[in-house]
Amino acid sequence: MLKKALFLYLSFAMACMVCLMASCQDDDSFTTSPSHQLSFSTDTVRLDTLFANVPSAAKTLWVFNRSGDGLRCASIRLERGAQSAFRVNVDGIYLGEGNDYSTSEVELRNKDSVRVVIEATLPRASSAEPEEQSDNIIFTLESGVEQRVNLDAWAWNARILRNVRISKDSTIDASTTPTVIYGGLRVDSGATLTLTPGSTLYFHSDAGIDVYGRLLTMGTADKGILLRGDRIDRMFDYLPYDRVPAQWMGVRFHASSYDNELRYTELHSTNTAVTVDSCDVTRQTLLLSHSTLHNCQGYGLVTTNAKVTLEDVQITNTLHDCLLVNGGDVTINNATFAQFYPFDSRRGAALAFNNSYPIVNLLVRNSLLTGYADDVLMGPPVDTTALDHYLFDYCMIRTPKLTTADSVHFTHVFYEDVKDTTSMGEKHFMKMDTDNLIYDFRLDSVSAAIGKADPLTALPDDRLGISRKKTPDIGAYEYKQK
């Protein structure tokens, strides 16, 4: 019996060894048949639009051998060689001048794969418009079969500014040529920086604006001003980096800064979009008019013991509060605060305020406060013996209906039905595409904010410069029928 068991064991072991040897022989087998070819994760690697002379982020191409037998590459080369704007690394081998932009050291066993990394630094375009640059990676197999993967990008000329310091009154006109800021932009005390209508500034991840003097962004309804990150490529095919938060550092008004105006200006995809430091609360620090702060990984606007005015303003989708008021004197009219930040369920309020500094005045009129939460308004406890100076008038707020004891602070207020969780405030707006991170916070036809603003105090036009009706709407936007 023991001999029989030993025989069976040895037979099994021999069979396993034979299979293993056969497997090794199969893995080490290479073919030169033209019918056996490589497969690729894509036939075109697109680096989208890039600023000229600015290195791109890396893109990955995967090369697969699914042919059923091993394949050797007689060569893998960058077609344009030294004339190429692209840089290619194949499985750790850089295709550069030292190896004549090619390699013959790559083999792929059956079911194996190789990673190829592609970057680019594009030359200046010959015109102001983006200009296409392309090349090919050519894979030549031992069989003589050639396979190609196209590399494609568009070069856009830009003005590059590094560690900018404004020490005297200056104007930046970035309405025709993109202007990219590295290292930050500082406006010294006593100096005024003016951005002209239609200007767009692109900020690198380490850059923002520090204002010790004065900043004027003088956009118009037809020529708005845009402050955004400098990534103009895509994270995924469906998602540009421009829709991703924390792309740049935002704007900070320091204690010495007064009489700033941001008009028809959009800031998005920042950490905190706008910060206002504590200063003399009797002097105006900031007028934010007909402007948007959107998609921030910090706050939209945080103001501390300062005098700030907001008119026709949209502040939306922030990790922390859309607006945080730490005391001071703040006047708000026709604003939309919508808290639908998609990346973290621990998002802050649409509007939060506290009396860490004395609330000299907080007046919120004709404004829409909504979001995913049942309560998007956070304030200090009401003390009727020592009333803080704040008032919400003709506003629509997603919050549990307040008691009559709070009626001194909330007049003509419309409360969203927080029991209606089917839309959680989204029904107010034209587009809420959370899959692709595309939002349009203009009012939809079913919004209960339509026609609810105070005709006596509502502003004459909306965020886009559209005249308000005789029965104006709550929020930054006046509903306009399609």
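Strands here are DSSP runs of E with at least two residues, numbered from the N terminus. With that settled, welcome to the tour; keep in mind that the model on your screen is predicted.

**Stop 1: strand 28**

Select residues 307-318, which make up strand 28. Asparagine 317 is found in this strand, and its phi is near 55°, a positive value in a residue other than glycine. Is asparagine 317 buried or exposed? With 1% relative accessibility, asparagine 317 counts as buried, because the cut-off for that word is under 20% relative accessible area.

Now move along strand 28 to aspartate 312. Here too phi is positive, about 55°, although aspartate 312 is not a glycine. Its relative accessibility is 0%, so aspartate 312 counts as buried. Leave this residue highlighted, as the tour comes back to it.

**Stop 2: threonine 285**

Next, select residues 284-296, strand 26, and pick out threonine 285 within that strand. Threonine 285 is buried, at 1% relative accessibility. Which residues is threonine 285 in contact with, leaving aside its neighbours within four places in sequence? Show Phe253, Ser257, Tyr258, Asp259, Asn260, Val276, Cys279, Ala306 and Lys307 around the threonine, and you have the list.

**Stop 3: the largest pocket**

Strands 26 and 28 lead on to the next stop, since each supplies at least two residues of the lining of the largest pocket. Which strand gives the most to the lining? That is strand 38, with five residues.

To centre the view, select Asp242, Glu266, His268, His294 and Tyr439: of the 29 residues lining the pocket, these lie nearest its centre. The space in this pocket is about 490 Å³.

**Stop 4**

Go to residues 234-236, strand 20, where methionine 235 has its place. Methionine 235 is partly exposed, with a relative accessible area of 33%. Together with Phe236 and Tyr238, Met235 forms a nonpolar patch on the surface, and the accessible area of the three together is about 290 Å².

Arginine 234 is partly exposed, at 32% relative accessible area.

**Stop 5**

How many salt bridges does the structure hold? There are 21. For another one, display glutamate 261 and arginine 263, whose side chains meet at 2.9 Å, N to O. Arginine 263 is partly exposed, with a relative accessible area of 28%.

Then select glutamate 416 and arginine 398, a salt bridge with its closest N and O atoms 2.9 Å apart. The glutamate lies in the loop between strand 36 (414-415) and strand 37 (429-433), and the arginine in the loop between strand 34 (396-397) and strand 35 (410-411), so the pair ties together parts that are 18 residues apart in sequence. Both glutamate 416 and arginine 398 are buried.

Key:
Residues numbered from 1 in each chain as written. Predicted model: local features only at pLDDT ≥ 70, side-chain atom pairs only at ≥ 80, totals over all residues. Heavy atoms only, no water. Patch = residues over 30% accessible without salt bridge, like charges linked within 9 Å, V, L, I, M, F, W, Y side chains within 5 Å. Areas by Shrake-Rupley, 256 points an atom, 1.4 Å probe, with all protein chains shown as cover. Salt bridge = Lys/Arg side-chain N within 4 Å of Asp/Glu carboxyl O. Helix = DSSP H or I, 4+ residues; strand = E, 2+ residues; numbered from the N terminus. Buried < 20%, exposed > 50% of the residue type's maximum accessible area, 1.4 Å probe, protein only. Contact = heavy atoms within 4.5 Å. 1 Å grid on protein atoms, 1.4 Å probe; cavity = no way out; pocket = protein on both sides within 12 Å on 5 of 7 lines; lining within 4 Å. Points joined across faces, edges and corners; volume = space filled by probe spheres on them.
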